[in-house]
Amino acid sequence: MAWLAPGVRNRARCSSRGKPGHYDWYCLGYFERLRALSADRSTLLCVGLDPDPERIEGGAAGALRHCREVVRQTEEHACCFKPNSAFWEQYGPDGWAALIELRGEAPNTPFLFDAKRGDMGNTMRTYAKAVFVTLAMDAATVNPYLGADSIEEFTRYEDRGVYVVCRSSNPGASDLQHLVAGGKPIYMHVAELAGRLNNAGNVGLVVGATAPDQIVEVRRDTDLPFLIPGVGAQGGDVEGSVKGAWNGDRASTLVSSSRSVMFAKSPAHEAEALKRQINAAVGARK
């Protein structure tokens with residue numbers, strides 16, 4: 001699956017064959033495709049693909065089998081899949097090979113690579129190539145700590161999505177992200193930075209479901225799309241988060257759940273139930 005240079009559509013892949021609607025599916029940017037799939041499948045759900053060797057036997061091959069089945073069962077209920085880098089890296093080279101193979105299992109659905117990369121410019125340039133070219137991912141998460149020039153190495157791939165970590169879902173988020181600088185918390189400065197880098201309309205924010213108050217606060221200041229992790233095993237507030245994030249744009253509120261779907265007795269039933277819960281919250285918001 002070859003990709004062209006940053007910002008250039010791969011015309012060889014521009015085809016509506018077997019894709020939702022009658023447009024050139026592969027010529028659309030990430031957020032355009034996310035909106036289209038969200039409408040076609042009536043969902044705002046993103047399913048995480050994070051294999052755990054303590055729960056899945058068989059090494060990388062077992063992880064691939066398990067996640068392939070999760071994809072098969074849940075794809076109709078999701079508009080995105082989100083593999084976390086660490087869960088595939090732990091298997092070594094076999095894990096990377098398995099992830100590349102898994103990505104090919106669902107060509108109609110975007111894959112969001114959750115790696116939270118953040119480094120010097122030349123290193124980030126290489127990270128971006130690895131994510132968007134070698135792994136053929138449609139979107140990625142990045143860490144804002146090194147600033148604009150670092151993030152721009154990802155945003156220059158104009159047809160890919162870049163979610164900047166704004167307010168994470170873990171308990172330690174407040175250690176740094178809530179520190180006040182210039183009269184407002186760091187996470188609000190991150191939201192402003194992401195907005196300034198959104199020249200190609202391909203930037204979003206990561207704001208965790210465990211912080212619904214911050215979701216509301218950040219949404220008041222920006223219309224950028226949100227990726228909302230922390231639902232399910234982390235105990236995030238689905239209804240409060242969705243109500244706070246939703247602004248009428250189908251890309252505005254991408255709700256991610258990993259373990260609660262991946263390891264459910266029936267991933268299909270769990271994904272469908274979560275999809276309905278999210279949709280109900282959107283209806284309540286309206």
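**Salt bridges, helices and backbone angles**

User: Hello! How far apart are the closest N and O atoms in the salt bridge between K184 and E192?
Analyst: Happy to start there, with a salt bridge being a side-chain nitrogen of Lys or Arg within 4 Å of a carboxyl oxygen of Asp or Glu. K184 is partly exposed at 24% relative accessible area, and E192 is also partly exposed, at 35% (buried is under 20%, exposed over 50%, partly exposed in between, with a 1.4 Å probe and protein chains only). K184 pairs with E192, and their closest N and O atoms are separated by 2.1 Å.

User: Which pLDDT must side-chain atom pairs reach to count in this model?
Analyst: Residues are numbered from 1 along each chain as its sequence is written, and side-chain values use heavy atoms, leaving out hydrogens and water. The model is predicted, so totals for chains, interfaces and linings use all residues, local features need pLDDT of at least 70, and side-chain atom pairs count only at pLDDT 80 or more.

User: Which parts does the salt bridge between D138 and R103 tie together?
Analyst: The closest N and O atoms of D138 and R103 are 2.4 Å apart. D138 sits in a loop and R103 in a helix, so the pair links parts 35 residues apart in sequence. Helices (H or I, at least four residues) and strands (E, at least two) are DSSP runs, numbered from the N terminus. The parts tied together are the loop between α5 and β4 and helix α4 (residues 93-103).

User: Are D138 and R103 buried or exposed?
Analyst: D138 has a relative accessibility of 1%, which puts it in the buried class. R103 has 4%, so R103 too counts as buried.

User: Where do E272 and R276 lie?
Analyst: These residues form a salt bridge, with 3.1 Å between the closest N and O atoms. E272 is partly exposed, at 25% relative accessible area, whereas R276 is exposed, at 54%. They are 4 residues apart, about one turn of the helix, and both lie in helix α12 (residues 267-285).

User: Are α5 and α6 roughly parallel or roughly antiparallel?
Analyst: Helix α5 covers residues 121-134, and its axis is 8 Å from that of α6, at an angle of about 25°. Axes are lines fitted to C-alpha atoms over the stretch in contact, with angles from 0 to 180 degrees between N-to-C directions. Angles under 35 degrees count as roughly parallel, over 145 as roughly antiparallel, 65 to 115 as roughly perpendicular and the rest as oblique. The two helices α5 and α6 are therefore roughly parallel.

User: What value is phi of A136 near?
Analyst: A136 belongs to the loop between α5 and β4. At 4% relative accessibility, A136 counts as buried. A136 is a residue other than glycine with a positive phi, near 55°.

User: And what value is phi of K116 near?
Analyst: K116 is found in strand β3 (residues 112-117). It is partly exposed, with 38% relative accessible area. K116 is not glycine either, and its phi is positive, near 50°.

User: How far apart are the C-alpha atoms of L193 and V164?
Analyst: L193 lies in helix α8 (residues 186-196) and is buried, at 12% relative accessible area. V164 is 29 residues from L193 along the chain, and their C-alpha atoms are separated by 9.3 Å.
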